[in-house]
Structure formats: C-alpha cells, structure tokens
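Subject: Handing over a structure, with notes

Dear colleague,

I am passing this structure on to you, and I would ask you to look through it with the notes below beside you. Please open the sequence and the structure first, and then read on.

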Amino acid sequence: MNAAIDIYSHAVLTASSDAVDPHLAAFSLADQLMHEHLGFVLFFCSAEYDLDRLGTALSLAFGDTPVAGCTTAGEITPQGYGRGCIVAVGFDRRAFAVDQALVTCLDKFDLTRAQHVVEDLLDHCRESALAPVRGHTFALTLLDGLSSREELVLSTLCSALGSIPHFGGSAGDDNHLTNTHVYSEGAFHSAAAVIVMINTPLDFDVFTTHHVRPRHEKLVVTAADRDSRTVYELNAEPAALAYARLVGKNVNELDMHVFAQHPLAVRYHDQYYVRSIQRINADYSMTFYCAVENGIVMTAMQPGALMEDLRLALAERYQQLGQPQVIIGCDCFLRRLELEELGQTEATSTLLRDNRVIGFNSYGEQFNGMHINQTFTGVIIGRYCRSDAL
C-alpha cells in the first residue's frame with residue numbers, strides 16, 4: 001500500500017531548460033524527466049527556437065514516449081515566469097493514461113469528426129484501466145493561436161466531450177502575432193490543434209479565474225465580421241474612436257498595454273467573459289482574439305487585484321485537494337503585460353513557483369467549450385486518489 005501511495009504522490013515530474021540550442025534543450029528535458037515508467041510528455045516552448053530542429057531533437061530525446069506541446073508568449077517554469085526557454089511535464093503511466101490527437105483542417109472539424117476523435121482517445125483510457133472514465137478524465141486542448149478557429153473547434157469538441165471537463169490555451173509567438181504552432185506526431189504544425197485526453201485515479205480540478213470587474217459603460221457592436229474577428233463599429237461609430245473615448249486615450253496611444261488595462265467583456269448568465277483586443281487597424285476597426293458578432297453588448301471592464309485573485313483561486317483549490325503535485329496553467333499574455341506595468345512580475349512569479357505552477361502565457365484560454373481571454377485557466381492535480389477510483 002505504501003509503495004502505491006508513493007507512486008501516486010510522485011507521478012508528475014516537471015522540467016525546464018533555458019539552453020538556446022534546440023538539441024541541448026530537448027536532451028536537458030529528457031535528463032530531468034526520463035524514467036522507466038514515463039508515459040507522456042507535455043511541453044511549452046518559446047517561439048524563438050528553431051522549431052524544425054527542436055521538433056527533431058524532441059523525437060530523438062524521448063524516443064517512443066509520446067510528446068505534445070505548443071509555442072508560447074512566455075513560459076511558466078518551476079522557478080516562475082521565464083522567457084526564451086522550454087518547460088515540460090512528465091506523466092507516470094502507472095498513474096495517468098494519456099493519449100493525444102492532432103487535428104488539421106480546422107474548418108472541417110464537425111461533430112462527427114469530433115466524436116470519432118474523442119472515442120479513439122477514450123479507448124486508450126479504457127484499455128489502460130487505471131480509473132473509470134466518468135469523473136476521472138479531463139481534456140486539454142492546444143490550438144494555433146492565430147487560426148481564428150478556436151470557437152468552431154471548441155464548441156464542436158465540447159458537444160463530443162459531454163461531461164468531461166476541458167481546459168486549454170492558444171499557442172503564442174512571443175507577442176509577434178505572426179506564427180504560432182502546436183506540436184504532435186514529432187513535428188510542429190500551424191493551423192492545427194492538439195487534443196490531449198488524461199485519465200487518472202488522482203484527484204484533480206479544472207478551473208478558471210480572472211480579476212477584471214464590470215464598469216457601467218456599454219458598447220454595442222453595430223458592424224463586425226465574425227470570421228476575421230474584426231469590429232468596424234461600436235455604437236455606430238468607428239470602433240477605435242469609440243473605444244479610445246471610453247478609456248480616455250487618443251487612438252495613436254492604443255496598444256497592448258492599454259488593452260490589458262481596459263478590457264471589454266460579454267456577459268453570459270451572471271458571468272463576464274473578456275474579449276481581448278488584438279490590434280487597431282488603419283481604418284479604425286479593431287481585431288479581437290475572440291469571435292465577436294453584430295448586436296452583442298460589450299461591457300467595459302476594469303482590472304482588480306490580479307495577484308490577490310490568483311492567490312485566492314489557488315488557495316481554494318488547495319483547500320479541496322491539499323498540496324498539489326502540479327498545477328498546469330494557461331495564463332493570458334495580457335495578464336503578464338499588466339503585471340509588468342505594475343511592477344508585480346517578480347512577486348507573481350514567486351506565487352506561481354510556490355504553488356507548483358507550470359505552463360505558458362497564451363493568446364487565449366479555453367474552458368469547457370468556451371474561448372476566453374485575460375484569464376488564468378488550468379488544472380490542479382493532487383497527490384491522492386479519489387475514493388471511487390480505488
């Protein structure tokens with residue numbers, strides 16, 4: 001019994017490397033993670049790497065062990081926030097049944113295809129027989145952050161997943177907004193998604209949190225192109241002019257830092273979901289990271305205390321599960337920009353380190369079928385098994 005407890009309570013390893021050379025980085029991860037029971041590796045890496053060389057190096061370093069991952073807009077290492085590096089999580093096959101599927105041609109990802117993908121992934125969980133599927137399985141998605149197809153993929157996938165909880169993040173490229181990639185089957189891919197299914201007897205909780213609070217001002221989308229996520233008019237005037245007036249800025253002052261401090265959100269039931277602005281265009285239209293449509297009402301939001309909100313969210317999970325083995329987090333890159341503006345990056349980095357968080361800064365987060373922005377979304381994995389899994 002003691003040996004079993006030890007296996008379960010030490011079933012996750014984390015690793016990081018700041019080596020610039022892809023070969024050295026990949027083999028450094030392998031040195032930290034490899035053991036005879038390693039069953040799956042999940043990684044997040046800077047887009048500054050030579051991705052072709054890194055993909056090849058990861059295949060060589062981990063051999064037959066399946067590997068999935070994506071590029072980032074910043075990394076969360078075991079030591080806190082990082083840049084220009086690669087981080088990874090290794091799962092022990094004795095405690096985790098993990099399988100992955102690469103999805104290309106995102107425009108054609110319909111319900112039939114989603115159901116086939118989910119069933120194939122669940123078959124692996126059933127064959128491993130570590131725990132029942134119901135109540136012991138969650139899904140992780142990594143999507144090309146510039147594909148503009150997150151909503152289509154996520155809503156379709158959510159229907160196929162049913163009651164299985166799900167979280168994920170959109171790949172980044174160090175804030176260049178030019179090329180983002182996911183990794184599966186030994187190579188990096190654009191215009192693609194990776195779906196990872198994880199089954200475990202260990203306790204876990206999939207969650208999301210954000211620190212922004214509603215103001216009273218509203219903006220109505222009066223002209224938009226949903227496919228390109230572009231809003232041309234807010235309140236029947238050029239979108240950027242209306243937004244600039246709202247936040248008390250000139251149009252030429254609008255940048256990522258302003259967007260982070262003055263987000264917009266849509267209300268669904270009693271919750272607000274941020275729709276982050278990506279850029280202002282020459283015609284005063286605004287391109288968003290999430291889909292926007294004609295007629296929706298956007299609420300002006302203001303940041304609360306980011307660090308305190310995150311601390312409370314993590315403390316709540318600790319109360320439920322105890323000290324975790326790991327928290328895998330997708331943390332919006334705009335939150336990190338806000339922390340940099342406030343001079344709170346180092347303190348938040350310490351908070352992440354002390355809470356065993358590993359992950360990446362994303363171009364959008366995913367939670368139970370929804371594409372959202374400016375959140376911290378992830379999963380906490382505990383040290384003990386759920387009673388109905390034994």
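This is a predicted model: local features need pLDDT of at least 70, side-chain atom pairs count only at pLDDT 80 or more; totals for chains, interfaces and linings use all residues.

Residues are numbered from 1 along each chain as its sequence is written, and side-chain values use heavy atoms, with hydrogens and water left out.

Helix packing

Two packed helices are described by the angle between their axes and the distance between the axes. Helices here are DSSP runs (H or I, at least four residues), as are strands (E, at least two), and both are numbered from the N terminus. Axes are lines fitted to C-alpha atoms, for helices over the stretch in contact, and angles run from 0 to 180 degrees between N-to-C directions.

Helix α2 (residues 22-33) packs against helix α3 (residues 51-62) at an angle of about 30 degrees, with the axes 8 Å apart. The two are therefore roughly parallel to each other, a term for angles under 35 degrees, whereas over 145 counts as roughly antiparallel, 65 to 115 as roughly perpendicular and the rest as oblique. The crossing of α2 and α3 is right-handed, which is to say that the near helix is turned clockwise from the far one by less than a right angle, anticlockwise being left-handed. On the side of α2 the contact (heavy atoms within 4.5 Å) is made by P22, H23, A26, F27, L29, A30 and L33, and on the side of α3 by R53, L54, A57, L58, L60, A61 and F62. By class, this contact has 12 nonpolar, 1 polar and 1 charged residues, where Ala, Val, Leu, Ile, Met, Phe, Trp, Tyr, Cys and Pro count as nonpolar, Asp, Glu, Lys and Arg as charged, and the others, Gly among them, as polar.

Helix α8 (residues 306-321) and helix α10 (residues 345-354) have axes that come within 11 Å and cross at roughly 10 degrees, and α8 and α10 are therefore roughly parallel to each other. From α8, M307, L310, R311 and Y318 meet A347, T348, L351, L352 and D354 of α10, and this contact has 6 nonpolar, 1 polar and 2 charged residues.

Aromatic pairs

A search of the whole structure finds 13 aromatic pairs, meaning rings of Phe, Tyr and Trp (its six-membered ring) with centres within 6.5 Å, and planes under 30 degrees apart count as stacked, over 60 as edge-to-face and the rest as tilted. One of them joins F43 and F188, whose ring centres are 6.0 Å apart and whose planes stand at 80 degrees, so the pair is edge-to-face. This pair links distant parts of the chain, with F43 in strand β2 (residues 38-46) and F188 in strand β11 (residues 187-189), 145 residues apart. Both F43 and F188 are buried (under 20% relative accessible area, with exposed being over 50% and partly exposed in between, for a 1.4 Å probe and protein chains only).

Y289 and F333 also form an edge-to-face pair, at 5.6 Å centre to centre and 75 degrees between the planes. Y289 lies in the loop between β20 (286-288) and β21 (297-303), and F333 lies in helix α9 (residues 333-342), 44 residues apart. Y289 counts as buried at 2% relative accessibility, and F333 is buried with a relative accessible area of 2%. Ring pairs also link F40, F91 and F96 into a cluster.

Single residues

T65, in the loop between α3 and β3 (67-72), is buried, with a relative accessible area of 13%. Leaving aside neighbours within four places in sequence, T65 is in contact with L38, G39, F40 and V41.

A291, in the loop between β20 and β21, counts as buried at 13% relative accessibility. Not counting residues up to four places away in sequence, A291 touches E151, R226, R229 and R275.

N175 has a positive phi of about 70 degrees although it is not a glycine, and N175 is partly exposed, with a relative accessible area of 21%.
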